[in-house]
Amino acid sequence: MGRFENKVVLVTGGNRNTGLDIVEKFAREGAKVFMCGSSAESTAKGAGILASRGLKGITSQPCDISDASQVAALFDTIEREAGRLDILVNNAANQGIGHGGPLEMSPSAFHEVFNTNVIGGFQVTQAACTRFFMKQETRGVVVFLSSNTAMRAIRNRTAYCSSKGAINSLVRSLALDLGPLGIRVNCCAPGYIYTERWETLDPAKAARRRLNCPLRHEAKGADIANVVAFLASGDSGNMTGEIVTCDAGCSCQHMPEDVDV
Ligand SMILES: NC(=O)c1ccc[n+]([C@@H]2O[C@H](COP(=O)([O-])OP(=O)(O)OC[C@H]3O[C@@H](n4cnc5c(N)ncnc54)[C@H](OP(=O)(O)O)[C@@H]3O)[C@@H](O)[C@H]2O)c1
């Protein structure tokens, strides 16, 4: 019997890259999984990839998580098809790439990143709690995806890094208020993850990134899915408000080896 047998899971941004591996992890361990991408096209593409991996019974529905009415429609579907929710994985993210530095980026671009990463994650969590967790005897678990860039910034990603810092604070704040209600809220903070973006990366740059990592390799999506599954499972039953870093040791070093002085 799988660890998540009879559990119902929602993974936002489950249609590509790391999200796909998180969906796969829960599905292979017995859960009924719902997933969304931001558009009909991207969600359908993800559903096709999951089907090609031999996974069945996954419900996909497009949902821009920054839009409250689309969030409500997604929860209507979960209600209709499963009647409950046990685990929410807030994985969807706007990467905030290409807006330039903090002196050039428009406030509207900054808003867009926060609307998905912070407001979106908050309103999906609120819907999960009010529509399902608080009505169920066995409440529910929330896992956010943050980033090690919440603690150590990367260049020209002002909105993204700040949004991930806000997520870390949101996780602690939600954990504090929801803990007494029986709802746990934790977070995985990845470092480099191999995604489709690495496929067009200059090999010298990929090698240099790996040199940044004490373990000398980036995470695979499955590595992150393992941490998310741990935080969603009873194995972490005494943990809430935690930010669990999974970054091949990047955060423990002051400088990478080739620039050490
Ligand atoms: N990749 C890394 O190296 C890395 C490092 C640290 C942390 N992380 C974090 O780990 C998580 C997964 O990363 P990733 O690189 O796999 O992500 P990704 O490739 O950038 O994919 C982002 C996902 O979020 C969805 N999304 C974006 N805006 C949305 C919205 N408004 N509503 C609903 N869905 C939306 C996207 O859907 P569409 O396909 O429709 O756009 C996509 O499925 C993210 O939270 C990310 O910040 C990643």
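This section describes the ligand surroundings, pockets, cavities, cysteines and selected backbone angles of a predicted model.

The ligand has 28 residues around it, and those that come nearest are N15, N17, S38, S42 and Y160. For S38, an N or O atom of the side chain is 2.6 Å from an oxygen atom of the ligand. For Y160, the separation between a polar side-chain atom and a ligand oxygen atom is likewise given as 2.6 Å. In the case of T18, a side-chain N or O atom lies 2.7 Å from an oxygen atom of the ligand. S38 and Y160 are also among the residues that come nearest to the ligand.

The second largest pocket contains about 260 Å³ of space. Its lining is made up of 14 residues, and R16, N17, L20, I49 and E196 are the ones that lie nearest the centre of the pocket. Two elements, α1 (18–28) and α2 (40–52), each give two or more residues to this lining. The largest share is that of α2, which contributes three residues. Sorted by class, the lining of the second largest pocket comprises six charged, five polar and three nonpolar residues.

Two cavities of 30 Å³ or more were counted. The largest cavity holds about 40 Å³ of space. The residues that line the largest cavity are I65, N90, A92, T116, N117, G121, F144, L145 and I167. At least two lining residues are supplied by each of α4 (107–131) and β5 (140–145). The contribution of α4 is the greatest, at three residues. The lining of the largest cavity has no charged residues; five of its residues are nonpolar and four are polar.

The second largest cavity has about 30 Å³ of space. It is lined by G96, H99, G100, M105, N156, R157, T158, A159 and Y160. The class composition of this lining is five polar, three nonpolar and one charged. C129 counts as buried because its relative accessibility is 7%. C213 is likewise in no disulfide, and the nearest cysteine sulfur, in C250, is 3.6 Å away.

Most residues other than glycine have a negative phi. N6 is not a glycine, yet has a positive phi of about 65°. N6 is placed in the segment before β1 (8–12) and, because its relative accessibility is 65%, counts as exposed. A248 is a further residue other than glycine with a positive phi, in this case near 55°. A248 is located in the segment after β7 (243–246). With a relative accessibility of 14%, A248 counts as buried, since the cut-off for that class is under 20%.

K135 is located in the loop that runs between α4 and β5. The relative accessibility of K135 is 65%, so K135 counts as exposed. The C-alpha atoms of K135 and R209 are 46 Å apart in space, and the two residues are 74 residues apart in sequence.

Key:
Residues numbered from 1 in each chain as written. Predicted model: local features only at pLDDT ≥ 70, side-chain atom pairs only at ≥ 80, totals over all residues. Heavy atoms only, no water. 1 Å grid on protein atoms, 1.4 Å probe; cavity = no way out; pocket = protein on both sides within 12 Å on 5 of 7 lines; lining within 4 Å. Points joined across faces, edges and corners; volume = space filled by probe spheres on them. Helix = DSSP H or I, 4+ residues; strand = E, 2+ residues; numbered from the N terminus. Nonpolar A, V, L, I, M, F, W, Y, C, P; charged D, E, K, R; others polar. Buried < 20%, exposed > 50% of the residue type's maximum accessible area, 1.4 Å probe, protein only. Disulfide = S-S within 2.5 Å. Near = heavy atom within 4 Å. Polar contact = N/O pair within 3.5 Å; in protein donor to acceptor, adjacent residues only side chain to side chain.
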